Amino acid sequence: MNNNKIEIRPEEPEDWDAIDQLTQAAFADELHSSHTEHFIIRALREARQLTISLVALEAGQVVGHVAVSPVSISSGEMGWYGLGPVSVETTRQRQGIGSSLVNMALTKLQQLGAAGCVVLGEPAYYGLFGFKADPELVLPDIPPEYFQAIALKGDVPCGIVRYHQAFEATG
């Protein structure tokens, strides 16, 4: 893949339909998926909880998207965010687009002064970015190895993590 052809920028309202379609298609065959990811992004946007929403464009077409939203931690630790959903057009997966989006999202979080970020996803993949499972930071009812965190300043806190209620959106 020629990375020079990919542009990453914040979402704009005219991208919303393309983000919906891309997200639906990207998760369509995923066994671990609730198949509601596009509803979640929409609900986060409507609740003004979509802190970071970046698109990857190739020839003006949306080929990737990443969402970042605030999470709460039972310890009261502030400044933590959840990464995801991350979507890449199915024919363009495993070509570095998702990695570019994740790296840019983490950079943006650092610029915002975020304390850290959590992600629910494949340990081997997200480990490449420095995410690690921490037994003291828990997302209930999720196998602990799939819930990972990265501290951007300070340490990973202890506690139970809650995502915004938008993550319960089903339509």
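**A walk through one predicted model**

Hi everyone, let's start with R48, which is exposed because its relative accessible area is 76%. Here exposed means over 50% relative accessible area, buried means under 20%, and partly exposed lies in between, using a 1.4 Å probe and protein chains only.

A word on what we are looking at. This is a predicted model, where local features need pLDDT of at least 70 and side-chain atom pairs count only at pLDDT 80 or more, while totals for chains, interfaces and linings use all residues. Residues are numbered from 1 along each chain as its sequence is written, and side-chain values use heavy atoms, leaving out hydrogens and water.

Back to R48: you will find R48 in the loop between helix 2 and strand 2. Helices (H or I, at least four residues) and strands (E, at least two) are DSSP runs, numbered from the N terminus. R48 is not a glycine, yet its phi is positive, about 55°. R94, in the loop between strand 4 and helix 3, also isn't a glycine and has a positive phi, near 65°. R94 counts as exposed because its relative accessibility is 81%. Most residues other than glycine have a negative phi, and most peptide bonds are trans. Now look at strand 4, where P85 sits: the peptide bond from G84 to P85 is cis, with omega near 5°.

Next, helix 1. Which of its residues are buried? They are I19, D20, L22, T23, A26 and F27. Their cover includes helix 2 (37–46), strand 2 (52–58), strand 3 (61–73) and strand 4 (80–88).

How do helix 1 and helix 2 pack? Their axes are 8 Å apart, at an angle of about 145°. Axes are lines fitted to C-alpha atoms, for helices over the stretch in contact, and angles run from 0 to 180 degrees between N-to-C directions. Contact means heavy atoms within 4.5 Å. Helix 1 brings W16, I19, D20, T23, Q24 and F27 to this contact, and helix 2 brings E37, H38, I41, R42 and R45.

Let's go inside. A nonpolar core is a set of buried Ala, Val, Leu, Ile, Met, Phe, Trp, Tyr and Cys residues joined through side-chain atoms within 4.5 Å. In the largest one, of 24 residues, L83, L106, L109, Y126 and F131 touch the most other members. Helix 3 gives this core its largest share, six residues. Apart from it lies another core of 14 residues, including I40, I41, L57 and A67. L106 is in contact with C117, F129, F131 and I150, leaving aside neighbours within four places in sequence.

S69, in strand 3, is buried because its relative accessibility is 0%. Not counting residues up to four places away in sequence, S69 touches L44, Q49, T51, Y81, G82 and F167.

Finally, how many disulfides are there? A disulfide is a pair of cysteine sulfur atoms within 2.5 Å, and the count comes to zero. C117 is in none, as the nearest cysteine sulfur, that of C158, is 18 Å away. That is too far for a bond. C117 is buried, at 0% relative accessible area, whereas C158 is partly exposed, at 44%.
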